[in-house]
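Have a go at each one before reading its solution.

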Amino acid sequence: MTLSARNTSARTNSPPLQGRGRGWGLSAARLDVLNTHARTMRNQPTEPEKRLWQVLKGAQLGGYKFRRQAVIGNAITDFLCPQKGLIIEVDGDTHTDPAADAQRTKQLEARGFQVVRVTNRDVMQNLEGVWRMLLDVLEGLPDRRSPHPNPSPEGKGLEG
């Protein structure tokens with residue numbers, strides 16, 4: 001496998017779970033496939049994803065920043081607020097298996113994320129209601145603390 005200089009997240013010398021979700025215990029080849037697919041999905045969003053992104057981008061929703069098509073473990077999430085650990089999934093025609101969606105939610109929650117699912121219909125017909133609900137959820141969640149990639153020795157450094 002040839003790694004491009006641009007795709008640093010797939011480098012094999014990248015420690016797991018550091019940076020923007022690099023690692024997750026997956027091989028560099030699998031991460032490369034997931035990141036390529038996520039990039040394609042960002043470039044070809046569904047209409048509900050486009051509309052919701054207009055509300056989420058640029059920290060417009062309560063000042064919270066979001067990422068589109070974030071890779072978490074073996075999943076590509078629709079939207080992620082890293083500060084709060086909130087994942088927003090926009091469910092449409094491709095979500096025909098509730099059991100698979102429930103299993104995916106369970107796996108993401110096991111990693112410490114909160115998952116909120118909204119339907120295409122809600123986004124298209126009640127966008128204001130969706131963003132109000134999301135803002136309520138965000139304001140009710142504590143900030144997510146992730147471990148520092150290079151922690152100081154015991155008893156040293158800043159208290160957090």
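**Exercise 1.** Find which ring Arg144 lies over, and at what distance from the ring centre.

Solution. Start at Arg144 and look for the ring face below: Arg144 lies over the face of Phe113. The distance from the ring centre is 4.1 Å. Bear in mind that this is a predicted model.

**Exercise 2.** Find the one aromatic pair in the structure and classify its geometry.

Solution. The partners are Trp53 and Phe79, with 6.0 Å centre to centre and 10 degrees between the planes. Planes under 30 degrees apart count as stacked, so this pair is stacked.

**Exercise 3.** Decide whether Trp53 and Phe79 are buried or exposed.

Solution. The cut-off for buried is under 20% relative accessible area. Trp53 has 18% relative accessibility, so Trp53 counts as buried. Phe79 is at 1%, so Phe79 counts as buried too.

**Exercise 4.** Work out which residues have the most contacts inside the largest nonpolar core, and which element gives the most to it.

Solution. This core has 19 residues, and Leu52, Leu56, Phe66, Phe79 and Ile88 have the most contacts inside it. Helix 5 gives the most to this core, with four residues. Apart from it lies another core of eight residues, including Ala70 and Leu108.

**Exercise 5.** Classify the exposure of Met41 in helix 1.

Solution. Met41 has 23% relative accessibility, so Met41 counts as partly exposed.

Terms used:
Residues numbered from 1 in each chain as written. Predicted model: local features only at pLDDT ≥ 70, side-chain atom pairs only at ≥ 80, totals over all residues. Heavy atoms only, no water. Helix = DSSP H or I, 4+ residues; strand = E, 2+ residues; numbered from the N terminus. Buried < 20%, exposed > 50% of the residue type's maximum accessible area, 1.4 Å probe, protein only. Core = buried A, V, L, I, M, F, W, Y, C linked by side-chain atoms within 4.5 Å. Phe/Tyr/Trp six-rings, centres within 6.5 Å; stacked < 30°, edge-to-face > 60°. Lys NZ or Arg CZ within 6 Å of the ring centre and 35° of its normal.
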